[in-house]
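Please open the model in your viewer and keep the selection panel at hand. The stops below proceed from a sheet to individual side chains.

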Amino acid sequence: MSTGVDKKKGGGFLSRKAKKAEEDKVDNLEYERKLIAKDEVTVEDCLKIKTITQDYLCPISANVFKIDFTKFKIRDIETGGILFEIAKPQGASEMSLSSDPNAGRYVRYEFPPEFLKLRKIGATVEFTVGERQVNNFRMIERHYFKDELIKSFDFDFGFCMPNSINTCEHIYDLPVLTPQLIIDMVQNPFQTKSDSFYFVDGKLIMHNKADYAYNAGM
């Protein structure tokens, strides 16, 4: 006669979920190493990534087109209010701003909790191009919370002329988040992270990262 409570093998739901997340992270690290070793990383390669990357998938030298982001602004589409704005000092290079070899590839954002209830934002970017023309310039941006994909965005910049200054605004349709997820994201600053992959003719030439806190002003 059994006097105890039967337990399912492998533990409860939460432990199985945690185990699966850890397995996915290990698999992603192995896949990430394979991508870093490749001569060319493609759009299809990046779309197969399951969690936030731990390293950059291409070196800074891959940006042979000398694309340089000089201004960035985020606004609320409904109200027009400016949520974030930054500009690189005129004449400053990445190396002059920091001794970090990956300077300019990582950004940290801090927003108030209300940001998570927005439905649509506009991101305006200004960037310069070097002496080579840029064909089919494309960005794929993937956002994660605690290594779970929240939303993937895909934007085209199109064709850019050599030695040009370009400005464009991309509209982000933000996902509807559950009240509990909003609470979790607010209470866990910088656990929301993103990878931004930039491609020219389908080949990865830039990889930027960011993390986010949603407790500003609290």
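What is the order of the strands in the open sheet of five strands? The order is E3-E9-E8-E5-E6, and the pairing is mixed. Strands here are DSSP runs (E, at least two residues) and helices are likewise DSSP runs (H or I, at least four residues), numbered from the N terminus; two strands pair if DSSP finds at least two bridges between them. Select residues 106–110 and 148–160 to display the edge strands, E3 and E6, each of which pairs on one side only.

The model is a predicted one, in which local features need pLDDT of at least 70 and side-chain atom pairs count only at pLDDT 80 or more, while totals for chains, interfaces and linings use all residues. Residues are numbered from 1 along each chain as its sequence is written, and side-chain values use heavy atoms, with hydrogens and water left out.

**The whole chain**

Zoom out to the protein chain, which holds four helices and nine strands. Of its 218 residues, 38% count as buried (under 20% relative accessible area; exposed is over 50%, partly exposed in between; 1.4 Å probe, protein chains only).

**Strands E5 and E8**

Next select residues 134–145, strand E5, together with residues 192–200, strand E8. The two pair in the antiparallel sense over nine bridges. Within this pair, Glu 141 stands opposite Ser 196 in E8.

**Arg 138**

Select Arg 138 in strand E5. Arg 138 is partly exposed, at a relative accessible area of 25%. Its side chain makes a polar contact with the side chain of Asp 154, at 2.6 Å (a pair of N or O atoms within 3.5 Å; within protein, one must be able to donate a hydrogen and the other to accept it, and residues adjacent in sequence count only if both atoms are side-chain atoms).

**Arg 142**

Finally, move to Arg 142, also found in strand E5. Which side chain of opposite charge is nearest to Arg 142? It is Asp 195, 6.8 Å away; Arg 142 is buried and has no salt bridge (a side-chain nitrogen of Lys or Arg within 4 Å of a carboxyl oxygen of Asp or Glu). For charge, Lys and Arg count as positive and Asp and Glu as negative, while His and the chain ends are not counted. The side chain of Arg 142 does reach the backbone oxygen of Ile 49, at 3.2 Å.
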